[in-house]
Amino acid sequence: LELYANGVLIMKKCGDLLPDYFAFVQGMVDSEDLSLNISRELLQHDRQLKVIAKNIKGKIKSELQKMMDEDREKYEEFFKTFGRQMKYGVYDGYGMNQEDLEHLLLFFSSTENKLVSLSEYISRMKDDQKYIYYASGESTDKIKLLPQTERVADAGYEILYFTEDVDEFAVGVMGEYAGKEFRNVSSGDLGIDEKSDEKPAEEKAEDQKLFDAMKAVLGDKVAKVKASGRLKNTAVCLSTEGGLSIEMEKVLAGMPNTQDVKAERVLEVNTEHPVFAAIKKAQESDEEKFGLYTQLLYNQAVLMEGLSVDNPVEFSQDICKLIK
């Protein structure tokens, strides 16, 4: 914004009048309360300028909210261009700007098949729903295919699709909205009541031995292998423990000095899938085949996440071994 005092230009671009996340706004401000002789250093600490900046920020927020409420199509077009900037505003301020921006954010909805606000999501939450669920990926089409969404979708819960690199980082610093915590569908605890496990203790112990054996085959590729409570039609998937997701790992991999930051991966196995019976049989009768199946299942989960397998040649050879 250009800053004037009684019609006289003080500064061509006054950064102190606008927060970075509203830097798409252009215009001029003319004040009768500023001195013509004020220096740039004094201007930064001028009380009147801070009052003006606060009022401008409030006006921009109210105008954007008005556009969202009264001309949704226009607001969505605006958001496609400047929404990322506002999301970075949430992240860059470590959540300090959340109150300014949270009501203006839009994300694609799994149930509405369009962009929705967080307040709209909250209004549709089921009585027993504990979290605001989200899934991350390169596009909405690819996210729809993620097996990690099966359990949440089966429970009838709406999922927000995060397709921009800043999305997870923004909600990570927000923590919650309207008292509801954000929860990745790939996180360890979905907060959904699991189906009762009627397996006897001996069978559970046998399954755990199999998972331990799979972990031994995979080594440090995964933190652990466990039975999945989120899969319905898919044999395996990757989930994560801790605050870093696989999508966040992908983003950090492209940044300097963060390439070695890795998510804590967990290989989840669907014990109701026919593949589980096959790998169980292999463990009992053919150690080599058991190792082959384990590696293939892990690489399958990796590929479904849009990641590259560590050794494509070895992966190809493993597939050929099955075809023989």
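**Reading labels on a predicted model**

Mentor: Glu70 lies in helix α2 (residues 47–70), where helices (H or I, at least four residues) and strands (E, at least two) are DSSP runs numbered from the N terminus. This is a predicted model, where local features need pLDDT of at least 70, side-chain atom pairs count only at pLDDT 80 or more, and totals for chains, interfaces and linings use all residues. Residues are numbered from 1 along each chain as its sequence is written, and side-chain values use heavy atoms, leaving out hydrogens and water.

Trainee: Why is Glu70 called exposed?

Mentor: Buried means under 20% relative accessible area, exposed over 50%, and partly exposed in between (1.4 Å probe, protein chains only). Glu70 has 62% relative accessibility, so it counts as exposed.

Trainee: And how do you know whether Thr294 is buried or exposed?

Mentor: Thr294 lies in helix α12 (residues 287–304). Its relative accessibility is 0%, so Thr294 counts as buried.

Trainee: Which residues does Thr294 touch?

Mentor: Leaving aside residues up to four places away in sequence, Thr294 touches Met214, Val217, Leu218 and Ile279. Contact here means heavy atoms within 4.5 Å.

Trainee: Why does Asn113 get the label partly exposed?

Mentor: Asn113 has 48% relative accessibility, so that label applies. Asn113 sits in the loop between β4 (106–109) and β5 (115–117), and its phi is positive, about 55°, although Asn113 is not a glycine.
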